[in-house]
Amino acid sequence: MKLHTADLSPYSAKVRMQIYAKRITDISFDLDPSFRQGKFSDFSPIGRIPALEIAEGNVIPESEVIAEYLEEIYPEHSMLGADAEVRAQVRTISRIADIYLMNNIFMALPQLNRKTRVDAVRDVFAAQITRGMGALERHIGDGEFAVGDTLTMADCTLVPALWMCQHTVPRLDVPAPMDDSPKVAAYWQKIQENDIAAKVIAEMNRGMQARLDGTE
Ligand SMILES: N[C@@H](CCC(=O)N[C@@H](CS)C(=O)NCC(=O)O)C(=O)O
């Protein structure tokens, strides 16, 4: 199988983090050339990465769908939690990160450009990001991991989302989203010391550098 992925893509980073944590070694990383040509929808109708190519012409889109598929076919080293209640907590945090943080950050990206920015549009998305962060503050655990005492899918979704909060949102000239969320800020400090989280953070930093250098 091939995961179509790019270093800087946070949704792809989420699945890469899951693959590293589950110690899956038979998925290769690739990026179909059509992605850079703006024609990825010929390859996968949604036209976004990550996309998991499970056979020629057979592609699974959407990070959350890929993550659940991988949990089903590689049940060892489960990243979903030990019982139904924990799994609900893991999925709740994963959804907060995907829907209420990342989706709004992506919608705000065109407002990074100060010359073309519409403040009212920027403010709508910034308010939604703040609201999502407030919800995360109340749901997140206060230990080393987002839920319980092991790495779960909640961490795999949160680490790239919080990286985006730190590196992208301040460029909108609004307060950093974690400023009023001490539990999330403490989690972010601790999780960066985790080897698997550190690996995807390094990949995202590399992707950002390549973007800035124009080599990507
Ligand atoms: N809901 C999707 C979002 C994926 C997504 O937006 N990927 C970005 C890169 S991180 C992308 O491929 N963007 C290309 C485009 O919008 O054309 C998921 O969870 O996989």
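**A note on the ligand shell and the core**

1. Let's start at the ligand: around it sit Ser-9, Pro-10, Tyr-11, Gly-47, Arg-48, Ile-49, Pro-50, Glu-62, Ser-63 and Glu-64 (a residue is near a molecule if its C-beta atom, placed from the backbone, lies within 6 Å of it). Keep in mind that this is a predicted model, where local features need pLDDT of at least 70, side-chain atom pairs count only at pLDDT 80 or more, and totals for chains, interfaces and linings use all residues. Residues are numbered from 1 along each chain as its sequence is written.

2. At least two residues of this shell come from each of helix H1 (10-21) and helix H2 (63-73) (helices are DSSP runs of H or I, at least four residues, and strands are runs of E, at least two, numbered from the N terminus).

3. Now look at Ile-49, a shell residue in the loop between strand E2 (28-30) and E3. Ile-49 is buried, with 22 other C-beta atoms within 10 Å (buried takes 20 or more). Its C-alpha atom is separated by 6.3 Å from that of Ser-12, 37 residues apart along the chain.

4. Next, the largest nonpolar core has 56 residues, and Met-17, Ile-93, Leu-101, Leu-158, Val-159 and Ala-161 touch the most other members (such a core is a set of buried Ala, Val, Leu, Ile, Met, Phe, Trp, Tyr and Cys residues joined through C-beta atoms within 7 Å). H5 gives the most to this core, with 10 residues. Domain 1 (2-73) and domain 2 (84-213) both contribute residues, so the core lies between them (the bounds come from an automatic or database domain assignment).

Conventions. Buried ≥ 20, exposed ≤ 12 C-beta atoms within 10 Å, placed from the backbone.
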